[in-house]
Amino acid sequence: MASRRALLFGAAALALLPVSTRAKGDLDAGGSTFRDFAVADQGSSFQKVDPMIGSGAVPTQARVLSVDNAGGFARIRFDAIRVEVTMPLGWQANEDWERGIGFSSDKRFRLIVWRVDFAYEGVNDAEHYAATKIGAIKARKPGIEAQARKLSDGSFLIVYRNVPAGSGDAETRVVYDLVVPRPGRPKEGVLLTLGVSASDSERGLRLLALLRPSIRIDW
């Protein structure tokens, strides 16, 4: 399970308004497909291991379940957290004992997937987690702007803007947190964090719309 570090890691490492209890529109890919984010390499990039987002643990190559060259994507399984997700071709996918990591070849797009035990984090459910994380990020980085909203499927989207650039970044970042609660068990969930360069913010949101329905979780 992700520890309390997960409350801060998503925005800080990939680098306020109250959470609305009403859905304000779902994610929309705007006609984009995975091909718009892909490099046609027949999945060869997924054979590499790059510890660029490591934090002490040694990453290993994530398991590639299938490659769709025509569709521009691969199905990736993070065995440690029992989560599958689709990623564009040309990306890399690693994992360690507590999270899955994916990123584009230029590292402008970076993805982290965690398991979250809301009770362990000291919150009641996914909504409480979203509000608490916003408060924690804002307290540590007052310049960051953050908003959260509930989607129609019950998940919560948090958007962080003006996230400081990390090592190797040429500009500030925008980070999207997708908090997915377990159906029928509100104390458990999965956190998917997608960080992108500020100039890629709209493309990042479209990619997130493609990623969301692709997530498969072995609860």
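These notebook entries record what I looked up in a predicted model of one protein chain.

**Entry 1: the whole chain.** I began with the overall make-up and found three helices and 13 strands. The chain has 219 residues, and 52% of them count as buried.

**Entry 2: the nonpolar cores.** Which residues touch the most other members of the largest nonpolar core? I noted Phe78, Met87 and Leu207, out of the 37 residues that make up this core. Looking next at where its members come from, I listed the elements that give two or more residues to it: strand 4 (73–78), strand 5 (83–88), strand 8 (109–117), strand 10 (156–163), strand 11 (173–182), strand 12 (185–197) and helix 3 (201–211). Helix 3 gives the most, with five residues. I also noted a second, separate core of 20 residues, which includes Ala148, Tyr160, Val163 and Val179.

I then followed Met87 on its own, leaving aside its neighbours within four places in sequence, and found that its contacts include Phe34, Phe46, Phe73, Ile76, Phe78 and Leu111, along with Gly72, Gln92 and Gly102.

**Entry 3: helix 2.** I moved to helix 2, which covers residues 126–140 and, with its 15 residues, reaches 21 Å from its first C-alpha to its last, close to the 21 Å expected at 1.5 Å a residue. Which residues of helix 2 are buried? I wrote down Ala126, Tyr129, Ala130, Lys133, Ile134 and Ile137. Viewed down the axis of helix 2, these buried residues fall within an arc of 135 degrees, so they line one face of the helix. For my own reference, an α-helix has 3.6 residues a turn, so residues three or four places apart point the same way. At the N-terminal end of helix 2 I found a cap from Asp125, which has a side-chain oxygen 3.3 Å from the backbone nitrogen of Glu127.

**Entry 4: Arg182.** My last item was Arg182, which lies in strand 11. Is Arg182 buried or exposed? I recorded Arg182 as buried, because its relative accessible area is 17% and the cut-off for buried is under 20%. Leaving aside neighbours within four places in sequence, I found Arg182 in contact with Glu188, Gly189 and Trp219. With Trp219 there is a polar pairing to note, since the backbone oxygen of Trp219 lies 3.2 Å from a polar atom of the Arg182 side chain, inside the 3.5 Å limit for a polar contact.

Notes
Residues are numbered from 1 along each chain as its sequence is written. This is a predicted model: local features need pLDDT of at least 70, side-chain atom pairs count only at pLDDT 80 or more; totals for chains, interfaces and linings use all residues. Side-chain values use heavy atoms; hydrogens and water are left out. Helices (H or I, at least four residues) and strands (E, at least two) are DSSP runs, numbered from the N terminus. The expected span of a helix is 1.5 Å times one less than its number of residues. Buried means under 20% relative accessible area, exposed over 50%, partly exposed in between (1.4 Å probe, protein chains only). The arc is that of the directions from the helix axis to the C-beta atoms. A polar contact is a pair of N or O atoms within 3.5 Å; within protein, one must be able to donate a hydrogen and the other to accept it, and residues adjacent in sequence count only if both atoms are side-chain atoms. A nonpolar core is a set of buried Ala, Val, Leu, Ile, Met, Phe, Trp, Tyr and Cys residues joined through side-chain atoms within 4.5 Å. Contact means heavy atoms within 4.5 Å.
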